[in-house]
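Trainee: Before we look at the model, could you show me how to read the packing of helices and the pairing of charges in it?
Mentor: Gladly; let us take the features one by one.

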Amino acid sequence: KRCDILALLISIYGSKAVFVNEYRAMLAAKLLKMESYDTSKEVATLELLKVRFGDAALHQCEIMVRDVDESKRLNNTVTSALRNRSGPQPDGAQGRAQGPA
């Protein structure tokens, strides 16, 4: 007989809702401690859980992972812009619009 680990966990937590809430809290903690932006494992787990519990139940988890992915994109954009920024501009303007004083 095949062991259904999710059914076992749900029985331990008492209900699907409690399990999903606990998973959400654990995912949030894991994402906050992450030093890299690699969410591939979390995305894979989330997709499997969505098959079992539905998209609506895990929507907040999906948003959290999407926020980390967006943070990665933003960080890469800012880092690239800073790396490509040239030295000080003439007259010490450094990016300010020059116009009449």
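Trainee: Which residues of helix 1 meet helix 2?
Mentor: In this predicted model, Leu6, Leu9, Ile10 and Tyr13 of helix 1 meet Lys16, Val18, Phe19 and Glu22 of helix 2.

Trainee: At what angle do helix 1 and helix 2 pack, and how far apart are their axes?
Mentor: Two packed helices are described by the angle between their axes and the distance between the axes. Here helix 1 and helix 2 pack at an angle of about 100 degrees, with 8 Å between their axes. Because angles of 65 to 115 degrees count as roughly perpendicular, helix 1 is roughly perpendicular to helix 2.

Trainee: Which residues make the nonpolar surface patch?
Mentor: Leu8, Ile12, Tyr13, Val18 and Met26 make a nonpolar surface patch of about 460 Å², and the elements that give two or more residues to this patch are helix 1 (5-13) and helix 2 (16-33). Helix 1 provides the largest share, three residues. Tyr13, which lies in helix 1, counts as partly exposed because its relative accessibility is 32%.

Trainee: Turning to charges, which residue forms a salt bridge with Lys30?
Mentor: Side chains of opposite charge can pair when their charged atoms come close. The structure holds six salt bridges, and in one of them Lys30 pairs with Glu42, the closest N and O atoms being 3.0 Å apart. This pair links distant parts of the chain, since Lys30 is in helix 2 and Glu42 is in helix 3, 12 residues apart.

Trainee: Is Glu42 buried or exposed?
Mentor: Glu42 is buried, with a relative accessible area of 7%, whereas Lys30 is partly exposed at 46%.

Trainee: How many residues apart are Glu70 and Arg73 in helix 4?
Mentor: The side chains of Glu70 and Arg73 meet in a salt bridge with an N to O distance of 2.6 Å. Glu70 and Arg73 are three residues apart in helix 4 (residues 59-84), and are therefore separated by about one helical turn. Glu70 is partly exposed, with a relative accessible area of 40%, and Arg73 is also partly exposed, at 45%.

Trainee: Which residues do salt bridges with shared partners join into one network?
Mentor: Glu47, Lys50, Asp55 and Glu62 are joined in that way. Within this network, Asp55 forms a salt bridge with Lys50, with the closest N and O atoms 3.9 Å apart, and Lys50 counts as buried at 11% relative accessibility.

Definitions and conventions: Residues are numbered from 1 along each chain as its sequence is written. This is a predicted model: local features need pLDDT of at least 70, side-chain atom pairs count only at pLDDT 80 or more; totals for chains, interfaces and linings use all residues. Side-chain values use heavy atoms; hydrogens and water are left out. Patches are made of residues with over 30% relative accessible area and no salt bridge: like charges are joined within 9 Å, nonpolar side chains (Val, Leu, Ile, Met, Phe, Trp, Tyr) within 5 Å. Accessible areas come from the Shrake-Rupley method with a 1.4 Å probe; for residues, only the protein chains shown count as cover. A salt bridge is a side-chain nitrogen of Lys or Arg within 4 Å of a carboxyl oxygen of Asp or Glu. Helices (H or I, at least four residues) and strands (E, at least two) are DSSP runs, numbered from the N terminus. Buried means under 20% relative accessible area, exposed over 50%, partly exposed in between (1.4 Å probe, protein chains only). Axes are lines fitted to C-alpha atoms, for helices over the stretch in contact, and angles run from 0 to 180 degrees between N-to-C directions. Angles under 35 degrees count as roughly parallel, over 145 as roughly antiparallel, 65 to 115 as roughly perpendicular and the rest as oblique. Contact means heavy atoms within 4.5 Å.
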